[in-house]
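Open the model in a viewer and keep the sequence panel beside it. The stops below can be selected one after another.

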Amino acid sequence: KLTPETLRVLYKAAELGIELIPATGRFWKAVTDDIKNLPFIHYAVILNGAAIYDVKKDKILARFEIPPERAETMARVFDGLNVVYDAIIDGQGYMKREFHENLKDVAVDDWQYKIMHDMRTPVESLHEVLRGLMSQDKGIQKMQIYTKDKKLRESLLASLPAVFPNNLFTSSVPNNIEINDLKANKGGGLKFIASHLGIDISSTMAFGDGLNDIFMIKAAGIGVAMGNTA
């Protein structure tokens with residue numbers, strides 16, 4: 001939710017000519033309407049920086065994706081874990097049908113369940129989907145692991161980077177691990193848009209409250225780690 005005070009400040013900033021850019025782990029259609037409907041949003045860093053999106057032109061300006069061969073190898077590893085996982089391809093989520101039918105087992109609340117359920121297409125074999133991309137010159141924008149087992153999640157966050165060093169492993173909510181190509185992060189997205197607009201990175205400010213925000217907070221001229229409280 002955007003509070004009335006937050007909206008007031010955002011509109012004031014836009015009036016002063018400040019470019020306001022949502023930076024999110026979500027794909028654009030999963031972003032809430034209270035953000036998408038803001039008239040002054042021109043660009044967005046989506047999927048943790050895997051894509052830089054021109055909102056007004058409905059155009060992807062840059063992509064930093066996981067090669068399908070690597071994604072398929074990771075999927076085989078994930079099959080051996082007690083987790084649910086998905087893959088985001090061209091702004092659409094895909095998930096094995098068995099996982100899709102049992103999302104309530106891993107969702108932390110009804111709101112997350114609805115997002116996960118409505119924004120994922122169930123498929124009989126995610127492996128076949130990933131292998132099908134190998135001849136199409138397409139990549140995977142993001143993969144995600146879900147588990148309510150906190151110890152398992154912490155263990156995977158610590159161990160997976162050594163197994164797959166060409167990927168970044170971050171998180172935005174207590175039950176997930178978000179996986180991107182090493183070149184995809186919100187900090188890189190911020191730098192890309194700043195360069196695209198001719199703005200020095202020292203003249204930027206970034207706010208974030210999750211592990212997937214760290215690169216952005218460090219990259220910005222002023223980085224703010226926030227508590228995300230009312």
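## Starting at β9

Select β9 (176-181): this strand is mostly covered, and six of its six residues are buried. Buried here stands for under 20% relative accessible area, exposed for over 50%, and partly exposed for values in between, with a 1.4 Å probe and protein chains only. Helices (H or I, at least four residues) and strands (E, at least two) are DSSP runs numbered from the N terminus.

The model is predicted, so local features need pLDDT of at least 70 and side-chain atom pairs count only at pLDDT 80 or more, while totals for chains, interfaces and linings use all residues. Residues are numbered from 1 along each chain as its sequence is written, and side-chain values use heavy atoms, with hydrogens and water left out.

β7 and β9 are antiparallel and share four bridges; two strands pair if DSSP finds at least two bridges between them. Gln-144 is found opposite Glu-178 of β9.

Phe-169 has Ile-179 in β9 as its bridge partner.

Leaving aside residues up to four places away in sequence, Ile-179 touches Ile-66, Met-74, Phe-78, Lys-142, Met-143, Ile-145, Asn-167, Leu-168 and Phe-169.

Now widen the selection to the largest nonpolar core, which has 32 residues. Such a core is a set of buried Ala, Val, Leu, Ile, Met, Phe, Trp, Tyr and Cys residues joined through side-chain atoms within 4.5 Å. Which residues touch the most other members? They are Phe-78, Tyr-85, Leu-130, Ile-140, Met-143, Ile-145 and Ile-179.

## The cavity

On a 1 Å grid over the protein atoms alone, a cavity is a set of points where a 1.4 Å probe fits but cannot get out; a pocket is an open set with protein on both sides within 12 Å along at least five of seven lines; lining residues have an atom within 4 Å of a point. The volume of the largest cavity is about 60 Å³, taken as the space filled by probe spheres set on the points, which are joined across faces, edges and corners.

To show the lining, select Asn-48, Leu-168, Thr-170, Glu-178, Asn-180, Ala-184, Asn-185, Lys-186, Asn-212 and Phe-215. Three of these are nonpolar, five polar and two charged. Ala, Val, Leu, Ile, Met, Phe, Trp, Tyr, Cys and Pro count as nonpolar, Asp, Glu, Lys and Arg as charged, and the others, Gly among them, as polar.

## Two loops

Leu-47, in the loop between β1 (43-46) and β2 (51-54), has phi near 55°. Buried or exposed: which is Leu-47? Leu-47 is buried, at a relative accessible area of 1%.

Asp-137 sits in the loop between α6 and β7, with phi near 55°. Asp-137 is exposed, at 79% relative accessibility.

Terms used: Contact = heavy atoms within 4.5 Å.
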